[in-house]
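Me: I have a model to go through. I want each label tied to its cut-off.
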Amino acid sequence: MLQIADKTFSSRLFLGTGKFSSPEIMKEAVKESGSELVTLALKRMRLAEEHDPLVKNLDIPSVSLLPNTSGAKDAKEAVLAAELAREALQTNWIKLEIHPDQRYLLPDPIETLGAAETLVKKGFVVLPYINADPVLCKRLEEVGTQAVMPLGAPIGSNQGLQTKAMLEIIIEQSAVPVIVDAGIGAPSDAASALEMGADAVLVNTAIAVAKDPVAMAKAFRLGVEAGIQARKAGLGQKGLLAESSSPLTSFLSEG
Amino acid sequence: MKPGSYKSFSELFQTLDPAEVSKQVLSASSADVKAAISKAGHCSLEDFAALLSPAAEPFLEEMAVQANRLTRKRFGKTIQMFVPMYLSNECQNICTYCGFSLGNKIPRLTLSKAQFLKEIEAVKKWGFEHILLVTGESHLVGMDYFLEMIPIAREHFAHVSIEVQPLEEEDYLKLHQAGVESVLVYQETYNEESYAQHHTKGKKSKFYNRLETPEKIARAGINKIGLGSLLGLADWRVDAWFAGLHLVYMREKYWRSRYSLAFPRLQPAEGIVDPAVVTTERNLAQIICAYRLLDETVDLSLSTRESKRFRDHAIQLGVTTMSAGSRTDPGGYQTSKTELEQFEISDERTPAEVAKMLTCAGLEPVWKDWDQVISG
């Protein structure tokens, strides 16, 4: 079981809810994925209406909502968005996203660290979306974020774990759960992340944009399960223990 | 030199000869086109010229497949919905193609607050949360009027865009504070000569002032900036190329802003001249695909100027944003008269009908994709 703040998760797959062709297909995909935590952009929510169609379709007993601050370009905007989301959804969980770069939507480390510190002080459970920067992860941990969410590749790119070398360091060093976010393009990428030691993955584009999103959601559920099972089973070491044809140390036991 | 290394877009623009650009576009080979398609989403400006060329015409289907793929990857299976609202058809410019042109004998109207609220009520019923406010250019409709009306729009909509005359950076700052998230200023044509022929009188006749406006908008911190050229004033291939160059310049220099491109084709309106250069639906499809292959992140916006049939298919070619149920006359959402209009609407379906078409095509119409809290 994965524990983040006050919640435990048996599924290691988190889902993003943008980009689906309809709220109904999104709901089916979420159910099929087995995910227990799904993100929701505050900017997409119709807060004035009593029954927001997005929120209504995510009213699944096993699923918690994780609002995000997508659209925010700096710490101030993100903090305001988080406060509004807390009020609207009655949750103190927030996925902190600050991307001033409008093309690749890469996160701003400086603003993110500042906003994370403020939000933690305000009582939020903060899950920050960041570049795969090991030092930044430690800094975020120090200000009290409950997890870190480094990217595998640019958001929506389906490029997989391009930041693998840095993710390995983050996983090795982190005292809080590591959720690989963004870039995961195939169930095999998700399996790799889990095998590597990530605590969970967050997937949106690869499922939502698939020809059959519901079937792809299932494929990701299986990929994530395979990854975590493989890790538990004990993966074989890569590489061979060398056996020299004329042993280098055999002289020690000889005459 | 990289486009963004020039101090201003005007400076970059003046280093280029439109005749040379035209030659480059017309001389592209099918090998150039194939090379450009293989770089879909990250094309250079040379590639972009090839995609706009006559040599690209036999490859339109290949371009469309790539455009569709890139659009879904970035924007998902969604289309953003917005509604335009005309606040005033008063105008002191003479633009040969526009129904609001000063010389046209049409009744003039500028909405009062009460009339504006009635219009808002009418479009809110359809579910719109993103509104585009449009005016002509006159002394009656300036900053005072905008600052009176925009807070009202902000109260009722999640996202407010404007399409008005070029303003100064300090004005855009004030408008941003009042709740404007997006500003559209189309260059109409990047051909100076044709620009002068079609904008004969009024402040709009200042070509370079218009050309420099997007930079002022960006410096004022406006989140989204709309660029584009009107198709039908000059050679569309060259005008579309320059609009692409403008986009590349802006995104290199002002990377915190988002961009949208529009590609309005001239339609008959009161007092209009015949389009000097015809842009066919096939040409328009080529432009849309070429824009998408140049930049996989830019919003591409399609209005109700285009026919139902074209719009129903364009949603798979790269278009990400659509209006529906539009009226182009001030007060038009409450009345059925059309004598005040700027141009004729071609797709007259209701927003609900357009939304249903999108759903049937496997796309979700997104009514709200912004929240004012994000802009502080």
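Reply: Start with burial. A residue is buried if 20 or more other C-beta atoms, placed from the backbone, lie within 10 Å of its own, exposed if 12 or fewer, and partly exposed in between. Helices (H or I, at least four residues) and strands (E, at least two) are DSSP runs, numbered from the N terminus. This is a predicted model: local features need pLDDT of at least 70, side-chain atom pairs count only at 80 or more, and totals for chains, interfaces and linings use all residues. Residues are numbered from 1 along each chain as written, with chains lettered from A and ligands numbered from 1 in written order.

Me: Which residues of helix H6 of chain A are buried?
Reply: A:Leu167, A:Ile170 and A:Ile171, in a helix spanning residues 164-173.

Me: What makes them one face of the helix?
Reply: The arc is that of the directions from the helix axis to the C-beta atoms. The buried residues of H6(A) fall within 95°, so they line one face. A:Ala165 and A:Glu172 are exposed on the face turned away.

Me: Why is A:Lys19 called buried?
Reply: A:Lys19 has 22 C-beta neighbours inside 10 Å, so it counts as buried. A:Lys19 sits in the loop between strand E3 (13-15) and helix H1 (23-33) of chain A.

Me: Why is A:Asn158 called partly exposed?
Reply: A:Asn158 has 16 other C-beta atoms within 10 Å, so it falls in between. A:Asn158 lies in the loop between E8 and H6 of chain A. Its phi is positive, about 55°, although A:Asn158 is not a glycine.
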